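Hi,

Here is the structure I said I would send over. Have a look, and my notes follow below.

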Amino acid sequence: MSNNAPMNIFDIAGRAMSAQLVRLNATASNMANAGNVTGSAGEAYRAIKPVFESVTDTPGVSTVKVKNVVTTNAEPTKRHDPNHPLADANGDVWEAAVDGNAELIDMIETARMYQNNVQVLNTAKSLMMETIRIGK
């Protein structure tokens, strides 16, 4: 951690939510490019995925951050379509290396993880407000 103050529940959940937003942006990018075709395998879009890394403040206090975003090793699908304007000399095009079904599952998981962290924040806020109310 960059500062000396220990992480609190709001830091932990907030950072987790930020990481999930990066994951959702990657999924959106992948879904936007699913079905795109190009004239060569090298130009074809390949799905991207964030790599998460645990960040531990003290034992029992941990969150997550995005270490980096990587391009997958998935190979684009070659398809014979001689009438396509991007077809090469052999009449082939390459479809983006994106598994739409896997991306939909990833999107649902990401949304659920984000919602879980929102619930953590709401619960913490509610408990703090109840504590203040009791103290009056």
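Running from the N terminus, the elements go α-β-β-β-β-β-α, so two helices and five strands (DSSP runs: helices are H or I with at least four residues, strands are E with at least two, numbered from the N terminus). Bear in mind that this is a predicted model: local features need pLDDT of at least 70, side-chain atom pairs count only at pLDDT 80 or more, and totals for chains, interfaces and linings use all residues. Residues are numbered from 1 along each chain as its sequence is written, and side-chain values use heavy atoms, with hydrogens and water left out.

Overall shape: the C-alpha trace spans about 80 × 25 × 20 Å along its principal axes. The radius of gyration is 22 Å, whereas a compact globule of 136 residues would be near 14 Å (taken over C-alpha atoms; the globule rule is 2.2 Å times the number of residues to the power 0.38). Buried residues (under 20% relative accessible area, 1.4 Å probe, protein chains only) make up 25% of the 136.

Now for α2. This helix has 36 residues (100-135), which should span 52 Å at 1.5 Å a residue, and its end C-alpha atoms are 53 Å apart, so the two agree (the expected span is 1.5 Å times one less than the number of residues). Asp99 caps its N-terminal end, with a side-chain oxygen 3.1 Å from the backbone nitrogen of Asn101 (a polar contact is a pair of N or O atoms within 3.5 Å). Buried in α2 are Glu103, Asp106, Thr110, Asn117 and Ala124. Their cover includes α1 (9-33) and β2 (48-58).

Cheers

Terms used:
Buried < 20%, exposed > 50% of the residue type's maximum accessible area, 1.4 Å probe, protein only. Contact = heavy atoms within 4.5 Å. Polar contact = N/O pair within 3.5 Å; in protein donor to acceptor, adjacent residues only side chain to side chain.
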